[in-house]
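Good morning, colleagues. Please look at the structure as it comes up.

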Amino acid sequence: MTAADTRIAPAAVQAAAERIASHVRHTPLLRRDLLPGLLVKAEHLQHSGSFKLRGAANALLALGADAVVAGSSGNHGIAVATLGRGLGVRVTVVMAAGAAESKEAAVRALGGRVVRVPGGVAARDRYAKELAARTGAALVPSSDHDLVVAGQGTVGLEMLRDAPDLDAIFVPVGGGGLLAGVCLAAAHLGSAVRIIGVEPDGARRYARSLSAGRPVEVPPSDSVADGLRGQRPGEVILPIVRHRVDELIGVGDPAVLRAMTLLHRAGIPAEPSGAAALAGALRLDLPGRSAVVVSGGNSAAALAAAGAAHTGTGRRPAAPHRPACPHPHHSEEGRAMNPIDTAELTGLITGYYRETLGDDTLDATSDFFEAGGDSLAAFQIVHRLQELLDAEIAVALVFTYPSPAELAQVVVDDLSLASASA
């Protein structure tokens, strides 16, 4: 790949690495017994909880603007707000209607302004562009920007320098900036590593665009991988992907959640988007030495825990705007549960564990994973909880708070605080 092939020269990734060195963490390539033959690039350990800090840092430091607008599903906004706070930059983050409330709360906690717009990612990005033009702020897109792509490419630079004998790298694909950046890093280092992009089944905008020979915009999707719901391929990114990516594969929600469960069992608290690359690697099962990028760990529970640590409360704050129940909750026996009784809810969840996992010996302290729980079981348990409480319950809570007692306490705290603030 040469500068003539794309708008960005591969050497731009090295320049980005030098520019952002004091602002980012060189994350490790982890080995885990549960993942034989695979290395894990641990971007969940990055400052701000995801790889997005790299591209955001490269853009903000190079642009030197005093105000920026960013369209984001969450992690990019958190990264921009994190940097903006330290650099004294005013940050506005535009988020689509379906973006996670926990990520909106994190942006606000960092001092960023959040604007919600109806529609999907495409509508969000159009509004962000218009807002930046109207206010004179610098636009820092989540992916389709020269400086952002070069910054994200430092992930690949570190991987290939730490493990130059890699045969393949699996990369989750949302906007595509990380995938394009890894391609540029491989070109800069002259590596012939196989690069495989992993898209959600419902948002395969790059695979469809390459097949059609032109940019194809896909409709909004509802993948559990909320950070990978991009609709249109990037103008900067598509030529790089066309030129260098070896394969693009799709994965469904069950595969992503199975991969997330496996990562959690291995001690890697990935969010769903961060588990997509592993889902792709497990599907292809290539010979040789492969690495997967865990792009982030900003689950709702992780963000809430970080917020509690920051405020010193020691409790998980409820995400704002969580739907409050407009009527009393009832147990399966018909008794009113408003306010929710923690002990009773613990007993009910313990029953759900026993029935779903097929083990009558489980009690309030039993661990979901040790009892053989997987993503399907978590979905079944959460579905019953949502029906019982008439409220949104995140599946990720089961993975983060794996015993019935822990899960019940977190749910009670969330719903009680949400009701109090309604």
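This is a predicted model: local features need pLDDT of at least 70, side-chain atom pairs count only at pLDDT 80 or more; totals for chains, interfaces and linings use all residues.

Glu158 forms a salt bridge with Arg54, and their closest N and O atoms lie 2.9 Å apart. By salt bridge I mean a side-chain nitrogen of Lys or Arg within 4 Å of a carboxyl oxygen of Asp or Glu. Helices (H or I, at least four residues) and strands (E, at least two) are DSSP runs, numbered from the N terminus.

Residues are numbered from 1 along each chain as its sequence is written, and side-chain values use heavy atoms, with hydrogens and water left out.

Are the two partners buried or exposed? Glu158 is buried, at 11% relative accessible area, and Arg54 is buried as well, at 0%. Here buried means under 20% relative accessible area, exposed means over 50%, and partly exposed lies in between (1.4 Å probe, protein chains only). The pair also belongs to a network of salt bridges that links Lys41, Glu43, Arg54 and Glu158.

A search of the whole structure finds 14 salt bridges, and I will present two further examples. In one of them, the side chains of Glu247 and Arg194 meet at 2.9 Å, N to O. This pair, too, links distant parts of the chain: Glu247 is in strand β9 (residues 247-251) and Arg194 in strand β8 (residues 194-200), 53 residues apart. Glu247 is partly exposed, at 25% relative accessible area, and Arg194 is partly exposed at 30%.

The other example is Glu199 with Arg205, whose closest N and O atoms are 3.2 Å apart. Glu199 is buried, with a relative accessible area of 0%, and the value for Arg205, also buried, is 0%.

Let me turn to the sheet. Six strands form an open sheet of mixed pairing, in the order β1-β2-β10-β7-β8-β9. Its edge strands, β1 (29-31) and β9, each pair on one side only. Two strands pair if DSSP finds at least two bridges between them. Strands β7 (residues 168-172) and β10 (residues 290-294) run parallel and are joined by 3 bridges. Within that pairing, Ala168 has Ser290 of β10 as its bridge partner.
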